[in-house]
Amino acid sequence: MKNKDQQMLADKKQLNRYGYAQELLRDMGGFSNFAISFSIISILTGAVSLYGHGLLYGGSGMMGFGWTIVAFFVLLVAASLSELASAIPTAGALYHWAAALKGTRIGWYTAWINLIGQIGIVAGIDYSVALFADPLLASIFNYSSTDTTILIVFGAVLLLHGILNHVGIKIVAKLNDFSAWYHMGVVAILVVSLAFFTKNGLQPIDYLFQVGKTFSDKPYFLAFLIGLLQAQWTFTGYDASAHTIEETVHPRVRAPWGIYNSVAFSFVFGFIMLSFVTLSIHDAAGAVNSDNAFIYVISQALGGTFGNIVLWLVTFAMFFCGLSSITSFSRMMYAFSRDKGMPFSRHWAEISRKFRTPAKAIWLAVILSFVLALIDYITKLINPNVGYSTIAFLTAVSVVGLYVAYGIPIFLKLRAESKGIFLPKHYGPWRLGKWSKPINIISLIWIFFICIMMVVPPNQMAAYAIGGMFVILIIMDLGYYKKHFKGPQAALAKSIEEIKKLEDEFEHEKE
Amino acid sequence: MEVVIGFAMVLFTLAVGTAIGIRANKNVRAFKEEEHEIFVGREDQ
């Protein structure tokens with residue numbers, strides 16, 4: 001058994017073997033690594049902000065069946081990714097795995113698809129914060145909540161997240177740890193409040209699993225599948241445990257557990273929360289027709305003041321979720337830029353000597369996320385009758401981007417195994433043995449299926465956005481990166497002396 | 001009937017999740033560093 005210093009030295013040596021210096025501050029323990037993914041999954045963000053979407057399409061049965069079905073398959077995806085994180089423990093994660101398993105070009109595409117998903121997830125989460133915070137602020141400061149005020153609040157939240165991430169991983173890690181407990185605490189408050197203080201009592205348990213009734217104009221089966229976006233978007237972003245792997249002590253074991261446990265615990269807590277919220281509904285039609293179904297249900301069940309307190313608690317949970325998602329996004333960009341995969345890579349790979357965070361990458365994450373929501377805002381100004389919601393657009397972009405990026409390395413690992421390139425000796429400590437292959441295959445089938453379902457009308461705008469971005473990627477690839485991107489393998493050309501020198505510079509800066 | 005199916009699905013998901021966790025934990029404990037080889041990287045300096 002190694003002590004913390006010995007373990008950190010071993011971790012640093014492990015990273016050096018991939019040609020990378022230990023630039024980021026390695027300070028996260030197992031709980032912090034779990035907490036960052038648990039906070040990004042954030043059952044109080046995804047399941048809550050898309051509660052109306054789920055209810056509209058799948059009715060109350062969406063909360064019982066939809067949540068469970070999605071969680072089952074996502075557990076398999078998470079287990080597949082955990083194996084890869086344990087085998088190749090670098091911050092680039094998905095893209096580094098893909099590049100290692102097949103080649104630099106597929107790695108480059110994986111990175112960009114992952115980036116598109118990350119932009120969508122950060123924008124989606126912080127937009128959710130704004131969607132909840134703005135009406136609450138409007139009632140305090142006596143103004144009308146509009147798309148413009150929501151956009152302003154969204155910008156302010158992003159700005160605050162940028163600042164907190166800039167000033168250091170220590171404060172972010174502490175807030176992440178707090179966030180994990182906070183999420184569990186708020187779920188407990190919500191459940192107890194709804195169980196004992198709801199005005200009209202709870203519905204019978206059958207209501208949670210009632211299928212066949214949709215509030216949309218689609219046939220029920222199709223509507224149910226569209227409604228899965230609620231749960232599927234909630235279960236995204238758990239690759240954060242892999243993106244912060246270079247900041248985690250004993251990463252080959254703790255990061256995979258972080259990925260897997262964050263999904264497992266989110267399933268359990270999410271199911272309990274959704275059950276009580278759904279069983280407290282007495283006017284489902286009113287909820288789906290309201291501006292925000294969750295606020296409507298809570299206000300109806302708990303009354304104005306108590307309901308408002310609960311909604312503020314939920315909004316803060318979303319705030320923590322956004323904070324963690326920018327951490328994850330910036331680490332991914334840092335790792336990709338370190339391998340010179342982006343325009344102006346030198347800047348995004350730069351680590352602040354003072355705070356030991358990828359400061360410029362953090363601010364790029366903030367700007368890109370704002371721009372995505374701004375484009376949507378302008379689109380709606382030009383054409384107000386677009387027929388989809390901003391939140392559904394942002395979340396669909398993130399689900400498709402992230403899950404395609406999850407699927408590529410899983411597929412490539414299966415391929416490498418079948419060709420005898422990736423062997424049992426290459427697995428890290430966290431592995432599934434004989435279960436690996438069937439779990440990987442089921443994961444891929446689910447990813448394929450869910451990516452199709454997330455972009456069927458009325459969410460086709462997400463497909464256009466992703467398609468458009470993909471065309472830009474092809475142009476970038478053929479125009480420049482095909483010849484110039486050397487991938488993570490290029491780092492291996494760096495001598496161990498160069499790596500040590502770089503690490504010494506950071507150590508001296510600290511002193 | 002839907003309630004029975006629903007809870008059976010919840011229990012099944014929990015059972016599968018736990019089984020994967022147990023299996024992974026067993027493998028973590030049985031892991032031998034000397035039998036491991038880095039995939040695309042340098043061997044120990």
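**Reading contacts between chains and between helices**

Mentor: Chain B has one helix and zero strands; both are DSSP runs, numbered from the N terminus, with helices being H or I of at least four residues and strands E of at least two. This is a predicted model, in which local features need pLDDT of at least 70 and side-chain atom pairs count only at pLDDT 80 or more, while totals for chains, interfaces and linings use all residues. Residues are numbered from 1 along each chain as its sequence is written, with chains lettered from A and ligands numbered from 1 in the order in which they are written.

Trainee: What share of chain B is buried?

Mentor: A residue is buried if 20 or more other C-beta atoms, placed from the backbone, lie within 10 Å of its own. In chain B, 18% of the 45 residues are buried.

Trainee: At what angle do helix 8 and helix 18 of chain A pack?

Mentor: Axes are lines fitted to C-alpha atoms over the stretch in contact, and angles run from 0 to 180 degrees between N-to-C directions. Helix 8 (residues 147-166) and helix 18 (residues 359-382) of chain A pack at about 170°, their axes 9 Å apart. The two helices of chain A are therefore roughly antiparallel, a term for angles over 145 degrees.

Note on methods:
Angles under 35 degrees count as roughly parallel, over 145 as roughly antiparallel, 65 to 115 as roughly perpendicular and the rest as oblique. A residue is buried if 20 or more other C-beta atoms lie within 10 Å of its own, exposed if 12 or fewer, and partly exposed in between; C-beta atoms are placed from the backbone.
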